[in-house]
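Please look over the sequence and the model first, and then read on.

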There are 2 protein chains.
Amino acid sequence: MATRTENLMDWLRDAYAMEQQAETMLKGQSSRLEHYPLLKARIDQHLEETLGQQAQVKACIERLGESTSVAKELLGKVAAVGQAAGGALMTDEVVKGAVASYAFENTEAGLYTVIIEAASIAGDLETKQVCEAILKEELAMAQWLFEHLPAVTRAFMERSETPGETARR
Amino acid sequence: MATRTENLMDWLRDAYAMEQQAETMLKGQSSRLEHYPLLKARIDQHLEETLGQQAQVKACIERLGESTSVAKELLGKVAAVGQAAGGALMTDEVVKGAVASYAFENTEAGLYTVIIEAASIAGDLETKQVCEAILKEELAMAQWLFEHLPAVTRAFMERSETPGETARR
């Protein structure tokens, strides 16, 4: 058994873990990308958003009475959902990286959809509103990636056929 | 350097690996779920679709001249993208499982979007058409999961508060 707030807190911790992981991965992707300036710029924009989301989710956790240091310790065994979606970004190939980023943003979007419902049931309207705003940013990033996958694929394949060019990143 | 067809084949192999992984995970989820009949039914439906997708992707790989036994050996080191998105489904908690399934379907959708563009560039219109049909199924499953996440969350939280009830699956 678990109370409404305990369930809400559990998913908020997952979200916080994912946002920390997102920061690491977006920074890594941005620093590796050399030949895909549009993708790099969008990743940098979302990195800024991610830092804001981290702070907001942390504030929700603290408002529910859990200290952030406890939340930070819990990150050692990063949430299964986040770890899984994130592992994909270990690739340095731009096309698979973009697919994995798309998967990661959608994982976050799914998790915030859960949290919005849970916060509503638990009567935590501030968390609900915060996560509705974050959800919009995640869905916008996911949509952007989905729309740009064909262009990234095309650019990759063109570079890939050209002697002396590096296509991978 | 890599030719158009080599790049296309690389992503088709990833797709084949993901479809095999999808079969394993959907079967596992379906067999574990006890208290979420609607979700279980949709998973069973998508399992059937997945078996068809597997066969279709395999046919594309073989048509491009690679034997399936070679393709099967390659699955030992399952594609990074698939492995990552799939690992999340190891959880037996229904809400996180549904979020992870949503992430997995979107990973597949992203990958097929790449393959559709690659097949178009490589002039392989049969692969393009096959993957357009598969993409529709993946997006439909993703959309269904996204729309049902709040209901699954609500049912989980209600069971979770009820003494003697099992909420997790």
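Among contacts in chain A between residues at least 6 apart in sequence, what percentage join residues at least 24 apart? The share is 73%, where two residues are in contact if their C-beta atoms, placed from the backbone, lie within 7 Å.

The model is predicted, so local features need pLDDT of at least 70 and side-chain atom pairs count only at pLDDT 80 or more, while totals for chains, interfaces and linings use all residues. Residues are numbered from 1 along each chain as its sequence is written, and chains are lettered from A and ligands numbered from 1 in the order in which they are written.

Chain A holds six helices and zero strands, and its elements, read from the N terminus, follow the order α-α-α-α-α-α; helices (H or I, at least four residues) and strands (E, at least two) are DSSP runs numbered from the N terminus. Of the 169 residues of chain A, 46% count as buried, a term that requires 20 or more other C-beta atoms within 10 Å of a residue's own, with C-beta atoms placed from the backbone.

Two packed helices are described by the angle between their axes and the distance between the axes. Axes here are lines fitted to C-alpha atoms, for helices over the stretch in contact, and angles run from 0 to 180 degrees between N-to-C directions.

| Helix pair | Angle | Axis distance |
|---|---|---|
| H1(A) (4-32) and H2(A) (37-63) | about 155° | 9 Å |
| H1(B) (4-32) and H5(B) (94-122) | roughly 155° | within 10 Å |

The angle of the second pair makes H1(B) roughly antiparallel to H5(B), and H1(A) and H2(A) are therefore also roughly antiparallel to each other, a description for angles over 145 degrees. The contact of H1(A) with H2(A) has twelve nonpolar, seven polar and seven charged residues, whereas the contact of H1(B) with H5(B) divides into 15 nonpolar, five polar and three charged. Here Ala, Val, Leu, Ile, Met, Phe, Trp, Tyr, Cys and Pro count as nonpolar, Asp, Glu, Lys and Arg as charged, and the others, Gly among them, as polar.

Not counting residues up to four places away in sequence, Leu12(A) touches Val57(A), Cys60(A), Ile61(A) and Ile115(A).

Definitions and conventions: Angles under 35 degrees count as roughly parallel, over 145 as roughly antiparallel, 65 to 115 as roughly perpendicular and the rest as oblique. A residue is buried if 20 or more other C-beta atoms lie within 10 Å of its own, exposed if 12 or fewer, and partly exposed in between; C-beta atoms are placed from the backbone.
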